[in-house]
Amino acid sequence: MLMQQNCECSKPDKEQMMCQINEVSFAINDILLFLDTHPHNHEAMEFYRKYARIRHDLLKEYAKYFGPLTVDTAYESDESKWQWVLQPWPWENQGGGK
């Protein structure tokens, strides 16, 4: 599910990465609701662990190329300064909200 790159110098597609992050995040939120009512379901816990790792890796990769989406990945950007507050706010995105 992680982005495969042909060349280290090429940047992954921002929209495609956001789509992957949103899909994985939805799956995690959904399984967390299930776990609220089925806390002893080992299969659900394994699903959660697997997709939480995938989401974390996607967020780290996104932060590396486009800046952090969450404060816990703010340290992943390639900059030597704190980038969290320097990123565009959601309403500052080009082309308006989608």
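Leaving aside neighbours within four places in sequence, I21 is in contact (heavy atoms within 4.5 Å) with L58, L59, Y62 and L69. The model in which these contacts are found is predicted, so that local features need pLDDT of at least 70 and side-chain atom pairs count only at pLDDT 80 or more, while totals for chains, interfaces and linings use all residues. Residues are numbered from 1 along each chain as its sequence is written, and side-chain values use heavy atoms, with hydrogens and water left out.

I21 belongs to the largest nonpolar core, whose 11 residues are M17, I21, V24, I28, Y51, I54, L58, L59, Y62, Y65 and F66. A nonpolar core is here a set of buried Ala, Val, Leu, Ile, Met, Phe, Trp, Tyr and Cys residues joined through side-chain atoms within 4.5 Å, where buried means under 20% relative accessible area, exposed over 50% and partly exposed in between, with a 1.4 Å probe and protein chains only. The elements that give two or more residues to this core are α1 (14–37) and α2 (42–66), helices being DSSP runs of H or I with at least four residues, numbered from the N terminus. The largest share of the core, 7 residues, comes from α2. In soluble globular proteins, nonpolar side chains tend to be buried together.

The helix α2 can be followed from end to end. Just after α2, G67 takes a positive phi of about 100°.

Rings of Phe, Tyr and Trp (its six-membered ring) pair if their centres lie within 6.5 Å, and planes under 30 degrees apart count as stacked, over 60 as edge-to-face and the rest as tilted. Y62 and F66 lie 4 residues apart in α2, about one turn of the helix. Y62 counts as buried because its relative accessibility is 5%, and F66 counts as buried at 17%. Y65 and F66 form a tilted aromatic pair, 6.3 Å centre to centre with 50° between the planes.
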